Amino acid sequence: MSMGKLKVLHVDIGGCEGCNVSIIRAYPKLMDLIELDISYLRKEEYKLDEYDVAIITGGACMNEPRILEELKEIREKAHTVVAFGSCATFSGILRFCRGGQEPRADHRNFQPINSVIKVDYSIPGCPPTPQMLQSFFKFYINGDEKRLRLFKVSADIKKLSGFDLIDDIVLTGLCIGCGACELSCPTNAIKLIDKRPNLVQEKCIRCGTCYIRCPRASQILCMGGAK
C-alpha cells in the first residue's frame with residue numbers, strides 16, 4: 001500500500017449511474033486522503049497494478065464473460081476490493097432482470113460481485129450516500145476495524161432485502177420502532193404503522209438498505225449473526 005494518498009480506482013460494470021454520482025459528490029472531501037481515478041476524469045485507460053483500492057459499482061452479469069474476467073483481474077491485482085452500492089453488494093434491482101430487453105437481450109442473470117470474486121468491504125445503498133464513502137475511507141486509512149466491521153461482514157452476504165428485515169427484526173419482536181428503515185428506503189416500500197414497519201412487497205427492490213440502516217439488524221450482523 002502506498003504511504004501517501006491512497007490510489008483509488010473506480011470501475012463501473014453496469015448500473016444506473018446513481019452510485020457513480022455519489023462517488024463524485026464524496027470526492028471533494030476526500031481529496032486530501034485519496035487520488036481517485038474515475039472514468040469521468042480519466043484521460044487514458046487505467047492500469048490495475050497502480051492502485052491500492054478498487055471500488056466496483058454495478059452487478060455482475062453472468063452472461064457477459066468480459067465482465068467476469070475483468071472482475072477476476074481486479075481481484076488479482078488490487079490490494080483491497082470494495083463493492084459500492086446495492087447492485088454490486090446484493091445485486092439489488094438487477095435480480096429482477098429476465099433478459100429480452102434491448103440493447104442486450106441476452107443479459108438475463110445478474111449477481112452480486114462477491115459471487116464471482118472475494119470482496120473485502122461492501123457499502124450497500126441505492127445509492128449509498130457520499131458521507132458513507134467519506135466515512136469508509138477515514139476508517140480504512142486509520143485502520144479502525146471496529147467501525148469497518150459492518151462493511152466487512154456485508155462483504156460476505158449475497159442477498160438482503162426488506163423481506164429479511166421483516167423476518168429477522170419485526171416478526172421476532174426486536175424492532176424498536178425508530179423508523180430508520182422507512183427513512184432509508186429509496187422506493188418507499190416500508191411504512192411504519194403503529195411504530196412497526198410494514199413492507200409493500202411490490203416496491204421492494206432488494207437493495208438491503210433498510211436492513212443495514214436498522215440499528216438492531218446491523219448490530220446483529222456485527223456481532224456475528226449469520227445471513
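Reader: Where is Lys-195 found?

Author: Lys-195 is in the loop between strand 8 (190-193) and strand 9 (196-199). Strands here are DSSP runs of E, at least two residues, and helices are runs of H or I, at least four, both numbered from the N terminus. This is a predicted model, where local features need pLDDT of at least 70 and side-chain atom pairs count only at pLDDT 80 or more, while totals for chains, interfaces and linings use all residues. Residues are numbered from 1 along each chain as its sequence is written, and side-chain values use heavy atoms, with hydrogens and water left out.

Reader: Why is Lys-195 called exposed?

Author: Its relative accessibility is 61%. Exposed means over 50% relative accessible area, buried means under 20%, and partly exposed lies in between (1.4 Å probe, protein chains only). Lys-195 therefore counts as exposed.

Reader: What is the phi of Lys-195?

Author: Phi is positive, about 65 degrees, although Lys-195 is not a glycine. Most residues other than glycine have a negative phi. Glu-17 also has a positive value, near 85 degrees. Glu-17 sits in the loop between strand 1 (6-12) and helix 1. At 36% relative accessibility, Glu-17 is partly exposed.

Reader: Are Cys-97 and Cys-181 buried or exposed?

Author: Cys-97 is buried, at 16% relative accessible area. Cys-181 is buried too, at 6%.

Reader: What makes Glu-70 and Arg-66 a salt bridge?

Author: A salt bridge is a side-chain nitrogen of Lys or Arg within 4 Å of a carboxyl oxygen of Asp or Glu. The closest N and O atoms of Glu-70 and Arg-66 are 4.0 Å apart, and the pair forms a salt bridge. Both residues lie in helix 2 (residues 65-77), four residues apart, about one turn of the helix. Glu-70 is buried at 17%, whereas Arg-66 is exposed at 55%.

Reader: Which residue does Lys-77 meet in a salt bridge?

Author: Lys-77 meets Glu-73, at 3.6 Å from N to O. These two also lie in helix 2, four residues apart. Lys-77 is partly exposed at 40%, and Glu-73 is partly exposed at 37%.

Reader: Why does the pair of Arg-75 and Asp-120 tie parts together?

Author: Their side chains meet in a salt bridge, 2.9 Å from N to O. Arg-75 lies in helix 2 and Asp-120 in the loop between strand 6 (110-111) and strand 7 (121-123), so the pair ties together parts 45 residues apart in sequence. Both Arg-75 and Asp-120 are buried. Salt bridges that share partners also join Glu-64, Arg-104 and Asp-106 into one network. The structure holds eight salt bridges.

Reader: How do you know that the buried residues of helix 9 line one face?

Author: The buried residues of helix 9 (residues 215-222) are Ala-217, Ser-218 and Leu-221. Seen down the axis, they fall within an arc of 95 degrees, so they line one face of the helix. The arc is that of the directions from the helix axis to the C-beta atoms. Their cover includes helix 5 (145-154), helix 6 (162-170) and helix 8 (209-213). Just after helix 9, Gly-224 takes a positive phi of about 105 degrees.

Reader: Why is Lys-29 called exposed?

Author: Lys-29 has 66% relative accessibility, and therefore counts as exposed. Lys-29 is in the loop between helix 1 (18-26) and strand 2. Lys-29 and Pro-130 are 101 residues apart in sequence, and 9.5 Å apart in space, C-alpha to C-alpha.

Definitions and conventions:
Contact = heavy atoms within 4.5 Å.
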